[in-house]
Amino acid sequence: MDSAMKYTRATTNLKELEELGCTIFHGVDANTMRQHPELNFKSFDRIVFNFPHAGFIRREHDILQILSRQNLVKGFLRSARDMLKENGEVHVTHKTAHPFNRWEIEKVAEEVGLRLVDKVLFYIWDYPGSDNKRGDGSRCNESFPVGDCCTFKIFRA
């Protein structure tokens, strides 16, 4: 199912982004984005992944679920690392309360040759009009409580 069918404001949001000069790609795997034909040989000042999620196979606190999510973030960071311009940054916004803190974003970044430079508290109200959505399933067009979260600002080590 495409995003316009899953999320009520998808078409409007995409149009607004394009009017602001953004380039939009669909169907890009976060773990292999540097190999995507439209992204190959491109470099960026900022690469952002807000609220990464690898789906629901188990409960949030289950170690196998946590490892699955760590692998998603690790693959994304590894791919993003090779796509950064000099002095470029990767931003990952993520929940920081238990059990989400067990994803260990900082440690995962270090494992792929990146380092945390800053960790900024994330407040949804700083982004007027933002309406976070669930990733998939019958409730995909519903918001989820963001709770305590931060944006991790990551650079090359």
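Two strands are said to pair if DSSP finds at least two bridges between them. In this predicted model, β2 and β4 meet that condition, pairing in the antiparallel sense over 6 bridges. Lys95 has Cys149 in β4 as its bridge partner.

**The sheet**

The strands β1, β2, β4 and β3 follow one another in that order in an open sheet of 4 strands with mixed pairing. Its edges are β1 and β3 (114–121), each of which pairs on one side only. On average, neighbouring strands of the sheet are turned by 20° against each other, direction ignored. Across β1, β2, β3 and β4 lies the helix α3, which runs at about 160° to β2.

In soluble globular proteins, nonpolar side chains tend to be buried together. The largest nonpolar core of this model has 25 residues, and Phe76, Leu77, Val90 and Ile154 have the most contacts inside it.

The largest share of the core, 6 residues, comes from α3. Another core, of 5 residues, lies apart from the largest one; Phe51, Phe122, Val146 and Cys149 are among its members.

**The surroundings of Val90**

Which residues does Val90 touch, not counting those up to four places away in sequence? Val90 touches Ile47, Phe76, Leu77, Ala80, Leu84, Phe152, Lys153 and Ile154. Of these, Phe76, Leu77 and Ile154 are named, as is Val90, among the residues with the most contacts inside the largest core.

Terms used: Residues are numbered from 1 along each chain as its sequence is written. This is a predicted model: local features need pLDDT of at least 70, side-chain atom pairs count only at pLDDT 80 or more; totals for chains, interfaces and linings use all residues. Side-chain values use heavy atoms; hydrogens and water are left out. A nonpolar core is a set of buried Ala, Val, Leu, Ile, Met, Phe, Trp, Tyr and Cys residues joined through side-chain atoms within 4.5 Å. Buried means under 20% relative accessible area, exposed over 50%, partly exposed in between (1.4 Å probe, protein chains only). Helices (H or I, at least four residues) and strands (E, at least two) are DSSP runs, numbered from the N terminus. Contact means heavy atoms within 4.5 Å. Axes are lines fitted to C-alpha atoms, for helices over the stretch in contact, and angles run from 0 to 180 degrees between N-to-C directions.
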